Amino acid sequence: MSMWRSSLTKRIAAASGSLPAETVIKNGKIIDVFNGEIIEGDIAIEDGYIVGIGNYEGTNVIDADGQYVSPAFIDGHVHIESSMVTPEEFAKVLLIHGVTSVIADPHEIANVLGADGIQYMLDSSDNLPFDFYFMLPSCVPATEFEHAGAKLASKDLQPFYQHPRVLGLAEVMNFPAVKMAEKDMMKKINQAQQAGKKIDGHGAGLSAMDINVYLAAGIRTDHESTTADQAKERLKRGMYLMIREGTVAKDLEQLIPIVNERNARRCLFVTDDKHLDDLIHDGSIDHNIRLAIHSGLSPITAIQMASINAAECFGLADKGAIAPGYKADFLLLDDLETIKISQVYKDGKLMADEGEISQFPPFHPVTPTAKLRNSVRFNELSSDDFSIYLPSNKANIIEIIPNSLETRHIIDEVTICEKGYFQASTSEDLLKLAVIERHHMTNQIGLGIVKGLKLQSGAIATTIAHDSHNLIIAGTNDVDMAAAAKALQSIQGGLAVVNGGEIIAMLELSIAGLISEKPYQEVHSQLLTIRHALESIGASSQFNPFLTLSFLSLPVIPELKLTDKGLFQVSKFEHINISAG
């Protein structure tokens, strides 16, 4: 008898009660995500699947002792690279927070290394006690207005659709390419549709008419709503609304009031980009649920959004519910209002207990190739490379909106020296910003002025700079900016804080300049050191300076950004001069 037949036969026998189940959960309050209510009964588990609810006997018995039995949580859209740890370490962190599945977009590493980056993420996430699904990056590079490390055409993506964990085409952010039906974009969309796959959207700043275009193209989700009106327009047109709460983009409290019993099944939770320290301290999707409940949403509705809704959105037919035929990915919750997680089970096996990993099978990590470890390449820089000449004292300035991916485009007077060069001013909170191409040795450097970063001295730099992940540096002086660039080149990418020409904190991200090879606990410890270093140079505690910095180069989010080719005005989709005089 074949393995699948033997397994299926056992499941059926256990479901009928003719064979004792491997595991039975007793005395639990079951969250029924289909009817939105609490039910009671024994839960029978066989071969990693739930096979029945009723009266059952089993070889192993879990006494829930009155706790709630909830389906495990699913993150509907996340960039693993933003955690700065490998998929293995990422899984450990998320399991503690009740998340057992993610739909990931390896857009970040693909912008650095193309197909090699996607393959690394697939290989390094295989055979783990955690389900990693992937959407293929649709826009590499994101736009033609910057230098990325790679280009992915439709022919490059085609082979990956054969992989069982590839679910579709990731966030289509190049709206003009869709609207103008550009050839390769149409090929990518057609490919996904012909393969029976899903297509994610990225509708930042799009009008209702623009959303019509996306839907007509077969794009069915969006995670870029920042207002209730935007969210409602998407729901009206049949989109799945992804409600995001990340480290920078915090949209949940603005969007959750529109969720009601009539439309909730078309809504799901995502984190998109979340730093490791926030994942550890606040949580992942469990944090979204708590915020939603605090904002007045029913706990059961919030759990539906975090489980069955996400599963149905992506066609994961055996995930997201406590019901026969569904994977035994579940949680025991002490309390529904606070979503206090007691235990986390994956495929019926206990993975986390009271906030600690209880077991994680030995895993032989994929060794990154030399190409993955040597991706930060640019010519040596001096302080002169950061000089900004202005013919007048009026300049186009990027103004940060705290805890938002969007920025404001302001025109204001700045200080210039006798020779006409911009002088950074901590009292006016006007600092220098630089984006240095780090993939192809082009010597391309984009320079700008940023307001709102609130550094009092020194410079900060990172090779995490969405979406092309060039080197981005902000600073109060040219010497520290040059020192930061040199430091990150020496370790092949990461985060650096420099003051007085000295490196005061640094985190090495040797895989593509995005990911550390260290355990998550070590990375977290280094992030704490960086946080203290940021405090020492007067950085704001109201937002994450590094994650904010990393989005200042994203040319698909309004209003004004900086790429390695210069200042970029998103509304006009074109570069502009720093000078406004």
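Let's start in a loop: Asn-127 is found between helix H4 (115-124) and strand E10. Helices (H or I, at least four residues) and strands (E, at least two) are DSSP runs, numbered from the N terminus. The model is predicted, so local features need pLDDT of at least 70 and side-chain atom pairs count only at pLDDT 80 or more, while totals for chains, interfaces and linings use all residues. Residues are numbered from 1 along each chain as its sequence is written, and side-chain values use heavy atoms, with hydrogens and water left out.

Asn-127 has a phi near 60°, a positive value in a residue other than glycine. With a relative accessibility of 69%, Asn-127 counts as exposed. Here buried means under 20% relative accessible area, exposed means over 50%, and partly exposed lies in between (1.4 Å probe, protein chains only). Gln-492 also shows a positive phi, about 60°, although it is not a glycine. You will find Gln-492 in the loop between helix H16 (478-490) and strand E26 (494-499). Gln-492 is buried, its relative accessible area being 14%.

## Two cis peptide bonds

Next come two spots to look for along the backbone. The peptide bond from Val-140 to Pro-141 is cis, with omega near 0°. Pro-141 sits in the loop that links strand E10 (131-136) and helix H5 (154-157). The bond from Pro-558 to Glu-559 is cis as well, with omega near 0°. Glu-559 belongs to the loop between helix H18 (545-550) and strand E28 (560-563).

## A buried asparagine

Where does Asn-174 lie? Its place is the loop between strand E11 (166-172) and helix H6 (175-179). Asn-174 is buried, with 17% relative accessible area. Leaving aside residues up to four places away in sequence, Asn-174 touches Cys-139, Ala-142, Met-185 and Tyr-214. Such a contact means heavy atoms within 4.5 Å.

## An enclosed strand

Strand E14 (residues 240-244) has five of its five residues buried, so it is largely enclosed by the rest of the structure. Both of its faces are covered: on one side Tyr-240, Met-242 and Arg-244 are buried, and on the other Leu-241 and Ile-243 are.

Which strands run parallel to E14? One is strand E13 (residues 221-222), joined to E14 by two bridges; another is strand E15 (residues 267-270), joined to E14 by four bridges. Asp-222 has Leu-241 of E14 as its bridge partner, and Ile-243 has Phe-269 of E15. From E13 the chain crosses through helix H9 (residues 228-236) to E14, in a right-handed β-α-β crossover. Right-handed means that, with the strands pointing away from the viewer, the path from the first strand over the helix to the second runs clockwise.

## An open sheet and its helix

Strands of a sheet pair through backbone hydrogen bonds, either parallel or antiparallel. In this model, seven strands form an open sheet with mixed pairing, in the order E3-E2-E7-E16-E17-E18-E19. Two strands count as paired if DSSP finds at least two bridges between them. Strand E3 (37-40) and strand E19 (356-357) are the edge strands, each pairing on one side only. Within the sheet, strand E17 (residues 340-346) and strand E18 (residues 349-353) pair in the antiparallel sense over four bridges. Val-344 has Ala-352 of E18 as its bridge partner.

Helix H13 (residues 299-306) lies across strand E2 (29-32), E3, strand E7 (68-71) and strand E16 (330-335), and runs at about 65° to E2. For such angles, axes are lines fitted to C-alpha atoms, for helices over the stretch in contact, and the angles run from 0 to 180 degrees between N-to-C directions.
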